[in-house]
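Welcome! Please take a look at the structure below before reading on.

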Amino acid sequence: MGSVKTKRMPRAVREQQMLDAAVQIFGRRGYTAASMDEIAELAGVSKPLVYLYLNSKEDLFTACIRREAAALTAAVRSGVRPGLSADRQLWEGLCAFFTHTARNPEGWTVLHLQARTHGEPFAAEVDAMREGIVAFVTQLIDVAAREARPRVLGCARPGRHPQDPDLPERETAGLAEALVGAAESLAAWANATPGVPARQAAATLMNFAWAGLGNLMEGRPWSPPDHD
């Protein structure tokens with residue numbers, strides 16, 4: 001009987017296999033302590049093949065960051081269904097975010113911790129991803145404020161003038177930055193704390209954030225006291 005020939009694995013599939021292994025090793029051991037030998041062994045390939053496909057440890061780490069960033073961004077965007085109320089859109093976006101980070105703890109560690117502590121160009125890759133998510137959240141807040149405007153103004157009592165819920169651009173951007181920053185910190189805490197499911201983390205942030213955002217949508221912002 002002749003020998004059975006094994007089917008050659010396509011390059012793209014093999015490369016993803018290497019990236020899967022690299023994300024696990026980088027996430028668990030950190031960028032500095034991770035070795036290409038460990039990554040190759042976990043991927044089931046030779047170390048020269050890893051170098052052939054991905055050139056260097058730095059290029060491999062950058063490829064991991066880009067892949068994990070794209071996956072997280074896609075998860076958040078696909079989790080928000082158009083046409084829902086503002087609170088439902090925010091809730092679904094947060095659920096998608098925390099579900100993804102919980103299911104991919106090593107990938108989140110690479111993005112949130114490892115990439116940010118090893119300087120350029122790694123930090124720049126994460127910053128680009130974060131800017132995209134902040135822009136998406138800014139858009140959600142802005143649309144919610146515009147949708148609330150006719151409802152708030154139409155429900156005003158005679159003789160009363162509620163504050164117009166249209167938010168200044170700088171305030172909307174600041175709210176988005178604060179919300180994304182809180183989500184990042186909470187995801188790191190949830191992944192490190194046993195027994196915290198994604199929906200609980202999302203509900204925690206929703207309860208913290210929506211009380212304030214909901215009041216803003218209704219034209220009831222908090223104002224600091226006047227100075228004497």
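Which helices each supply at least two residues of the lining of the largest cavity? They are helix H5 (86-103), helix H7 (122-154) and helix H8 (169-192). This is a predicted model, in which local features need pLDDT of at least 70 and side-chain atom pairs count only at pLDDT 80 or more, while totals for chains, interfaces and linings use all residues. Residues are numbered from 1 along each chain as its sequence is written, and side-chain values use heavy atoms, with hydrogens and water left out.

**The largest cavity**

- A search of the whole structure finds four cavities of 30 Å³ or more; a cavity is a set of points on a 1 Å grid over the protein atoms alone where a 1.4 Å probe fits but cannot get out.
- The largest cavity has a volume of about 190 Å³, volume being the space filled by probe spheres set on the points.
- It is lined by 17 residues, and Val-76, Leu-94, Ile-133, Val-137 and Val-180 are the closest to its centre; lining residues have an atom within 4 Å of a point.
- H7 gives the largest share of this lining, six residues.
- The lining of the largest cavity has 14 nonpolar, one polar and two charged residues (Ala, Val, Leu, Ile, Met, Phe, Trp, Tyr, Cys and Pro count as nonpolar, Asp, Glu, Lys and Arg as charged, and the others, Gly among them, as polar).

**The second largest cavity**

- The second largest cavity has a volume of about 120 Å³.
- Of its 13 lining residues, Ala-86, Leu-90, Leu-140, Ile-141 and Ala-144 are the closest to the centre.
- H5, H7 and helix H9 (198-217) each supply at least two residues of this lining, and the largest share, six residues, comes from H7.

**H1 against H4**

- Helix H1 (residues 11-29) and helix H4 (residues 57-79) pack at an angle of about 95 degrees, with their axes 10 Å apart; axes are lines fitted to C-alpha atoms over the stretch in contact, and angles run from 0 to 180 degrees between N-to-C directions.
- H1 and H4 are therefore roughly perpendicular to each other (65 to 115 degrees).
- Residues of H1 in contact with H4 (heavy atoms within 4.5 Å) include Leu-19, Val-23 and Phe-26, and those of H4 include Leu-60, Phe-61 and Cys-64.

**H5 against H8**

- H5 and H8 pack at an angle of about 40 degrees, with their axes 10 Å apart.

How values were computed. Helices (H or I, at least four residues) and strands (E, at least two) are DSSP runs, numbered from the N terminus. Angles under 35 degrees count as roughly parallel, over 145 as roughly antiparallel, 65 to 115 as roughly perpendicular and the rest as oblique. On a 1 Å grid over the protein atoms alone, a cavity is a set of points where a 1.4 Å probe fits but cannot get out, and a pocket is an open set with protein on both sides within 12 Å along at least five of seven lines; lining residues have an atom within 4 Å of a point.
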